[in-house]
Amino acid sequence: MELGLTKNIGDFSNICGYEREKRVMEVAASGMHPLVFCGLPDDNIHTLMSMFYTILPDNKIQNSLSIPDLEDGLEYETFLDYKKPCPCGNLGGDSNSCTCSLEEVKAFYKNYIKGDLIFFPNFKDKEKEGVLNESSQTLRSRIEKCWEIQASRFHGTEIKFNAQMGIEDIKKYCVLDDEGKSFLNKKRDRCKMSGAEYYTIIRIARTISDMEGVDLINLCSVVEALGYRSRW
Ligand SMILES: [Zn+2]
């Protein structure tokens with residue numbers, strides 16, 4: 001599939017709607033979580049992806065946090081990706097033309113998706129009227145605050161961003177409140193979630209709570225993080 005990840009001098013405010021896509025890109029940039037969009041080809045999402053760098057905090061901060069080769073197109077491709085939604089590529093299309101069985105789709109995701117975040121475009125939600133289209137600058141300011149929280153959390157360690165935390169770091173830096181913990185544990189048992197998946201959810205929830213400026217990871221952050229993983 002054509003990725004269209006060449007840089008685009010544009011601004012997030014030029015794309016109307018797509019609020020959930022913009023939100024997941026903000027989450028990804030805030031904790032530097034790799035992001036994989038899954039869905040039918042969509043020019044606006046490709047355009048947003050090509051403008052990803054416009055929401056990253058300024059060069060000064062980029063350099064101080066030394067993000068390796070983020071200017072390099074190859075890095076963009078590994079960080080941000082776009083996959084077809086199912087083996088035949090038609091899932092979610094208008095005409096119900098997907099020929100895959102549920103088992104095939106499940107197997108597809110198990111083997112295919114490796115990123116921290118997965119997002120399915122919501123086909124009903126694209127052109128909502130009256131939504132404030134935030135500028136890249138607005139997002140960048142919020143992301144900058146989130147990067148500062150992480151810089152102070154990980155001061156004196158090798159880690160720069162939440163996405164880089166291993167299990168021991170997660171145990172140290174990610175405390176869930178009672179509601180969030182009990183919800184996630186129930187979900188883990190019910191869905192037979194793997195340990196890796198469990199900790200991935202916590203890493204993402206850590207970032208979402210950081211975006212709210214709260215130290216204790218809450219239920220809302222856990223629910224949102226779960227929403228960015230496969231629906232199966
Ligand atoms: Zn299909």
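**Figure 1. Leu 117 in strand β3.** Leu 117 sits in strand β3, which covers residues 117-119. Helices (H or I, at least four residues) and strands (E, at least two) are DSSP runs, numbered from the N terminus. This is a predicted model, where local features need pLDDT of at least 70, side-chain atom pairs count only at pLDDT 80 or more, and totals for chains, interfaces and linings use all residues. Residue numbers start from 1 along each chain as its sequence is written. Leu 117 is buried, with 24 other C-beta atoms within 10 Å. Here "buried" stands for 20 or more other C-beta atoms within 10 Å of a residue's own, "exposed" for 12 or fewer, and "partly exposed" for anything in between, with C-beta atoms placed from the backbone. Which residues touch Leu 117, leaving aside its neighbours within four places in sequence? They are Val 24, Val 27, Ala 28, His 33, Pro 34, Leu 35, Val 36, Ile 204 and Tyr 228. Two residues are in contact if their C-beta atoms, placed from the backbone, lie within 7 Å. Take Tyr 228: it is 111 residues from Leu 117 in sequence, yet 5.6 Å away in space, C-alpha to C-alpha.

**Figure 2. The protein as a whole, for orientation.** The secondary structure comes to 10 helices and three strands. Read from the N terminus on, the elements go α-β-α-α-α-β-α-β-α-α-α-α-α. Of the 232 residues, 29% are buried. Look at the contacts with a separation of 6 or more, and 80% of them join residues 24 or more positions apart.

**Figure 3. Helix α2 and its buried side.** Ile 45, Leu 48 and Met 49 are the buried residues to look for in α2. They cover an arc of only 100° around the axis, so they sit on the same side of α2. The arc is that of the directions from the helix axis to the C-beta atoms. What covers these buried residues includes α1, β1 (35-38) and β2. Now zoom in on Leu 48, which belongs to helix α2 (residues 43-50). Leu 48 counts as buried because it has 23 C-beta neighbours inside 10 Å. Neighbours within four places in sequence aside, Leu 48 is in contact with Phe 12, Ile 15, Tyr 18, Glu 21, Lys 22 and Met 25. Leu 48 and Asn 14 are 34 residues apart in sequence, with 9.3 Å between their C-alpha atoms.

Figure 4. Is Leu 80 buried or exposed? With 22 C-beta neighbours inside 10 Å, Leu 80 counts as buried. Phe 52 is 28 residues away along the chain, and its C-alpha atom is 8.8 Å from that of Leu 80.

**Figure 5. Helix α6, buried on one face.** Leu 139, Ile 143, Cys 146, Trp 147 and Gln 150 are the buried residues of α6. Seen down the axis of α6, these fall within an arc of 105°, so they line one face of the helix. An α-helix has 3.6 residues a turn, so residues three or four places apart point the same way. On the face turned away from the buried side, you'll find the exposed residues Gln 137, Ser 141 and Ser 152.

**Figure 6. Helices α8 and α10 side by side.** The axes of α8 (residues 178-191) and α10 (residues 219-227) come within 7 Å and cross at roughly 30°. That makes α8 roughly parallel to α10. Axes are lines fitted to C-alpha atoms, for helices over the stretch in contact, and angles run from 0 to 180 degrees between N-to-C directions. Angles under 35 degrees count as roughly parallel, over 145 as roughly antiparallel, 65 to 115 as roughly perpendicular and the rest as oblique. From α8, Glu 179, Gly 180, Phe 183, Leu 184 and Lys 187 meet Leu 219, Ser 221, Val 222 and Leu 226 of α10.

**Figure 7. Two residues with positive phi.** Most residues other than glycine have a negative phi. Tyr 18, though, has a phi near 55°, and Lys 192 has one near 50°. Tyr 18 lies in the segment before α1 (19-31) and is buried, with 23 other C-beta atoms within 10 Å. Lys 192 lies in the loop between α8 and α9 (195-212) and counts as exposed, with 7 C-beta neighbours inside 10 Å.
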